[in-house]
Amino acid sequence: MLLLGLLALGLLSPAGCPKTEPLSGSSDEPLFRGADRYDFAIVIPAGTVECFWQFAHQSGNFFFNYEVQRASGMASNRHVLATVSDPNGFRLGSSQHVRGQINFPTKETGFYQLCLDNQHNHFGFMQVYLNFGVYYQGFDMENEQQVERKQLNNTLDAIGVSMRKLQVHVFHMWRFYNFARMRKGADSFLLESNYNYVNWWSLAQSCVIVLSGVLQLYFLKRLFVVQPAPKPRC
């Protein structure tokens with residue numbers, strides 16, 4: 001009975017992954033933005049495409065950074081195709097390199113699609129580190145000086161403006177930190193791969209040297225083997 005109940009709930013529930021939709025409550029409540037930024041690593045199997053959706057409001061700044069940390073397969077091609085599309089499905093940018101970034105202002109509110117294409121590699125997977133999201137200034141940069149002039153005599157407002165500036169600077173520092181962490185992770189996997197390659201190649205060369213020495217001794221020994229003289233017959 002419990003199994004049938006769980007099956008019925010699964011059939012009644014909507015399929016698919018949940019999205020960070022904006023709240024449809026009263027107009028007084030602010031729209032829900034969800035998480036503004038993400039950073040994680042994902043493994044893309046051979047010949048597949050992985051896509052993500054990030055919700056963004058209008059007049060925001062969208063950023064998308066990626067780096068291929070390691071790749072498997074015979075050719076070990078580390079180039080991946082990254083594309084970004086707006087809520088209407090129009091492509092805003094693309095990049096096909098080992099690492100890259102796509103930055104653009106969000107001109108409309110909705111879900112922006114990020115896709116990573118590994119279809120050209122049919123025999124190996126790729127591990128890609130992603131860092132994407134959207135940030136908002138909170139005020140127009142053109143009117144910033146006018147607002148600051150009006151708020152010079154108000155200490156609390158001046159502190160609020162300074163705090164918003166500080167948050168923006170801290171956010172950009174976080175972006176540079178994640179970019180450095182991407183490079184560090186890729187370098188770590190590259191060093192580990194080179195270390196294993198050197199070890200196995202050295203082991204193979206050692207086996208070849210020992211085998212060639214054994215074969216040389218065997219053939220040299222056969223050169224000095226004296227055949228016994230045949231006994232005379234009566």
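The following questions and answers concern a predicted model of a protein chain.

Reader: Which residue in β6 is the bridge partner of F64?

Author: Strand β3 covers residues 60-71 and runs antiparallel to β6, to which 8 bridges join it. Strands of a sheet pair through backbone hydrogen bonds. For F64, the bridge partner in β6 is I102.

Reader: What is the handedness of the disulfide of C51 and C115?

Author: The structure holds 1 disulfide. It is formed by C51 and C115, with their sulfur atoms 2.1 Å apart. Because the torsion about the S-S bond is about 105°, this disulfide is right-handed.

Reader: How many residues apart in sequence are the parts that the pair C51 and C115 ties together?

Author: The disulfide joins C51 and C115. C51 lies in strand β2 (residues 49-56), while C115 lies in strand β7 (residues 110-117), so the parts tied together are apart in sequence by 64 residues.

Reader: Is C115 buried or exposed?

Author: A residue counts as buried under 20% relative accessible area. C51, with a relative accessible area of 25%, is partly exposed, and C207, with 48%, is also partly exposed. For C115 the relative accessible area is 12%, so this residue is buried.

Reader: What percentage of the accessible surface of the protein chain belongs to carbon and sulfur atoms?

Author: Of the 234 residues in the protein chain, 26% are buried. The accessible surface of the chain comes to about 17200 Å². The part of this surface that belongs to carbon and sulfur atoms is 61%.

Reader: Among contacts between residues at least 6 apart in sequence, what percentage join residues at least 24 apart?

Author: A contact here means heavy atoms within 4.5 Å. Among contacts in the protein chain between residues at least 6 apart in sequence, those joining residues at least 24 apart make up 76%.

How values were computed: Residues are numbered from 1 along each chain as its sequence is written. This is a predicted model: local features need pLDDT of at least 70, side-chain atom pairs count only at pLDDT 80 or more; totals for chains, interfaces and linings use all residues. Side-chain values use heavy atoms; hydrogens and water are left out. Two strands pair if DSSP finds at least two bridges between them. Helices (H or I, at least four residues) and strands (E, at least two) are DSSP runs, numbered from the N terminus. Buried means under 20% relative accessible area, exposed over 50%, partly exposed in between (1.4 Å probe, protein chains only). Accessible areas come from the Shrake-Rupley method with a 1.4 Å probe; for residues, only the protein chains shown count as cover. A disulfide is a pair of cysteine sulfur atoms within 2.5 Å.
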